[in-house]
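Notebook open. I want to look up a few spots in this model and jot down what turns up.

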Amino acid sequence: MIGHALKRAAQLEVVAALALLGDDVMARRLSWCMEARVGRRHGAPWPHRLCRSAGCSWCGRSLVMRWWRGLKQWIMEMGEQITLVEIPLGQDGDLRTQVRRLRRRLRDLRDRHARCSGFHRWRSVAFAGLVSANNRALIMVSHKDITRRELHALLEQHLGPVSLSDLGEATPSTMFPASVASSIAHARRGVEPLRVIILPQRLFTHDTSRYLDPLPVVF
Ligand SMILES: [Zn+2]
C-alpha cells in the first residue's frame, strides 16, 4: 500500500504537468481530489470532490483495479485455458501510441494466423489486459483451442521475449510518471488509453445456448 505522502508528491507533479498542458480544469480537479483524500478523517464519508480520473494517484488505482477485475472475469468466461502474458512495450512514441500499436499487432497476428489453412482454431483466441507502469502490458489470453506452447511460440516470434504464466494474482502497476499520468488525465477517457481488448472472431462457444457478452463493461 502506498502512503498518502508518496501519492501526494506524485499528484503534485501531475497537476503541474497538466497546468503546463494548459488543462487548468483537470489540474484543479486533481488538486481538489488530493486535498479531499489527504484531509479525509478516518471513517468520515467520502467527499464529493473525487476526480475519478485515470491519471489521479488515488482514483486511477481504483479505476484500473475495477477494470482489471472486470476484464479478468470476462476473459475467464471465454473458456478454461487462460494465460497471462507480459509483453514489453517499445521505446518509440508515447504510451498511447505504443498501446495502439500493440492492439493492432495482436489483432493482425491472430487474424493472419487464423487465415492459414489448418489454423482456424486461432479464431477463438481473445486478448484482454492493461498496460502497467513498468513499461509492460499485462495481457490475459483465452486460447481454448491452442496450447500454451503454440501461443508462446507465435507471440515470441513476432513480439520478442514475452513471459507466460497462469493468471494468478498479478495486477498492473499504476505508478506512471507525471508525463504519462497527465496525458491520461488530459484525454478524459478513463482507462481506455491503457486498455487492450481483442474479441474472438467467433463469439459463440461450442455450447451455442450460451452467448458471451461481446465486450466487458465496467462502471
Ligand atoms: Zn482523484
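I started with Arg188, which sits in the loop between H6 and strand S5 (195-198). For my own reference, helices (H or I, at least four residues) and strands (E, at least two) are DSSP runs, numbered from the N terminus. Phi of Arg188 is near 55 degrees, a positive value in a residue other than glycine. Arg188 is partly exposed, with 13 other C-beta atoms within 10 Å. The cut-offs: buried takes 20 or more other C-beta atoms within 10 Å of a residue's own, exposed takes 12 or fewer, and partly exposed lies in between, with C-beta atoms placed from the backbone.

Two notes on the ground rules. Residues are numbered from 1 along each chain as its sequence is written. This is a predicted model, where local features need pLDDT of at least 70 and side-chain atom pairs count only at pLDDT 80 or more, while totals for chains, interfaces and linings use all residues.

Next I went to the strands. S2 is mostly covered, with 7 of its 7 residues buried. S2 and S3 pair in the antiparallel sense over 7 bridges; strands pair if DSSP finds at least two bridges between them. I found Phe127 opposite Val141 in S3. Asn135 is partly exposed, with 15 other C-beta atoms within 10 Å. S2 also runs antiparallel to S5, joined by 4 bridges, and here Ala128 stands opposite Ile197.

Then I checked helix H2 (residues 24-39). H2 has 16 residues and reaches 22 Å from its first C-alpha to its last, close to the 22 Å expected at 1.5 Å a residue (that is, 1.5 Å times one less than the number of residues). Its buried residues are Met26, Ala27, Arg29, Leu30, Cys33, Met34 and Arg37. They cover an arc of only 165 degrees around the axis, so they lie on the same side of H2; the arc is taken from the directions from the helix axis to the C-beta atoms. On the other side, Asp24, Val25 and Gly39 are exposed.

Last, the core. Which residues touch the most other members of the largest nonpolar core? Of its 50 residues, they are Leu30, Ile139, Ala185 and Val196. H3 gives the most to this core, with 7 residues. A nonpolar core here is a set of buried Ala, Val, Leu, Ile, Met, Phe, Trp, Tyr and Cys residues joined through C-beta atoms within 7 Å.
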